[in-house]
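These are my notebook entries on one chain. I record what I looked up, topic by topic.

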Amino acid sequence: MIKTFRYRIKDSTNGAKLDEMARAVNFVWNFCNETQEHALRWNLRWPTYQDLCKLTAGSGKELGLHSQTVQAACEQYAIRRQQFKKRRLRWRGRRSPGWIPFKASGVKVDGDAVRYLGQGFRFWNSRELPGAIKSGSFGQDARKRWYVNFAVDCPEDQPTTGTKHIGIDLGLKTLATCSDGTKIEAPRWYRNRQKRLAEFQRKRKPRKVRNLHAKIANRRRDFLHKESARLVNECELIVVGDVSSAKLTKTNMAKSVNDAGWSMFRNLLEYKAIARKVVYREVSERFTTQTCSCCGAIGGPKGRNGLEVREWVCGECGAVLDRDVNAALNILRLGHQSLLAEVR
Ligand SMILES: [Zn+2]
């Protein structure tokens, strides 16, 4: 299994050298884009990865790059053009975060330094690599900080020892409510920092805006990683509602939807579940808030308008239901149903 490990490059290291190489990579990238434009203009065959490699062969030395880096840039160009079904890609310029791809044989890791083309770049060695490096890159974040990423061939994860079956209702008030009654609170960093962000924007301080955005993104990712890892550790079945943030982003709920990061949470849950042999399903969340999880009667609060209703009493069986826990229980039931249907 290939996993990526990211390490922050120390500020004391030779960052200027990385900036210089990143400019050279941009040059290669833009050359690919020019070649593509030329082909478009004259109605020629689009250059393939092999074509681009041939055209750039031998340029590494002049550009101060490893030949593998030049090739990797060409490869990424060809891949992304296909992936995004684009006729041409965006130019890479001074504003693009720096990016220098490499192959395993092009670098050597020695303690807390990675050697590339005879240069040593020191990084914060926060955790040991669990396997052999396959490939990697130097990359910059929005704050223009340098990182080194290693794609590592890791041993398979141990299957989970968890036994819980859990349905998860993704929400606005709380990020997620589990069918066992536990709630995962959505941290409101983004909202809390809105004021500061607006102030920076008003005062036209783009760097501060960028820094704040990067900080928020880092913390959110960290939080979602931890929560999804915990759930996968405890469960053997996870069922999630298919609520789409795309629909809600159009309404005034957009802020808190973005805050919660549903889709990222679902993606993390899914890939961690697969890696640890946890059964993961997504089910339609239609009627999950209105249906009583005790007797199945439909009588609960309707749609998003009923959002302020946190608790309700079922008219049929008299059960007192927490809106979100009830929905999570229904989601779990739907998950069980779909699993049974798969067996038949
Ligand atoms: Zn009922």
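**Entry 1: the chain as a whole**

I began with the contacts: of those in the chain with a separation of 6 or more, 66% are between residues 24 or more positions apart. I note that the model is predicted. I then looked up the secondary structure and found 11 helices and 14 strands in the chain. For the extent, I recorded that the C-alpha atoms fill a box of roughly 80 × 50 × 50 Å along the principal axes. Of the 344 residues in the chain, 29% are buried.

**Entry 2: domains**

I looked up how the chain is divided. Domain 1 covers 2-153, and domain 2 covers 164-185 + 228-343. The C-alpha centres of domain 1 and domain 2 are 41 Å apart.

In which order do the strands of the open sheet stand? I read the order 10-9-8-11-12 for its 5 strands, with mixed pairing. Strand 10 (183-184) and strand 12 (279-283) are at the edges; each has a single partner strand, so one side of each lacks a neighbour in the sheet.

I then followed one pair. Strand 11, residues 235-241, pairs with strand 12 in the parallel sense, over 5 bridges. Within this pair, Leu 237 is opposite Val 279 of strand 12. Helix 7 (residues 206-234) packs on the sheet, where it touches strand 8 (164-170), strand 10 and strand 11. I recorded an angle of about 130° between the direction of helix 7 and that of strand 11.

Helix 11 (residues 323-343) was next. I found that it lies across strand 8, strand 9 (176-178), strand 11 and strand 12. Relative to strand 8, helix 11 runs at about 125°.

In soluble globular proteins, nonpolar side chains tend to be buried together.

Leaving out residues up to four places away in sequence, Leu 269 touches Ser 228, Leu 231, Val 232, Ile 238, Val 240 and Tyr 280.

**Entry 3: Thr 13**

I located Thr 13 in the loop between strand 1 (2-8) and helix 1 (15-41). Is Thr 13 buried or partly exposed? I counted 18 other C-beta atoms within 10 Å, so Thr 13 is partly exposed, given that a buried residue needs 20 or more. Not counting residues up to four places away in sequence, Thr 13 touches Phe 121 and Arg 122. Thr 13 and Arg 122 are 109 residues apart along the chain, yet 5.7 Å separates their C-alpha atoms.

**Entry 4: positive phi values**

Asn 43 counts as exposed because it has 6 C-beta neighbours inside 10 Å. With 14 other C-beta atoms within 10 Å, Leu 117 is partly exposed.

**Entry 5: helix 6**

How many buried residues are there in helix 6? For its 9 residues (194-202) I recorded a count of 0, and helix 6 is hardly covered. Gln 194 is found in this helix; Gln 194 is partly exposed, with 14 other C-beta atoms within 10 Å. The C-alpha atoms of Gln 194 and Leu 212 are 9.8 Å apart, and the two residues are 18 residues apart along the chain. After helix 6 comes Arg 204, for which I noted a positive phi near 55°.

Terms used. Residues numbered from 1 in each chain as written. Predicted model: local features only at pLDDT ≥ 70, side-chain atom pairs only at ≥ 80, totals over all residues. Pairing = 2+ DSSP bridges. Helix = DSSP H or I, 4+ residues; strand = E, 2+ residues; numbered from the N terminus. Contact = placed C-beta atoms within 7 Å. Axes fitted to C-alpha atoms, helices over the stretch in contact; angles between N-to-C directions. Domains from an automatic or database assignment. Buried ≥ 20, exposed ≤ 12 C-beta atoms within 10 Å, placed from the backbone.
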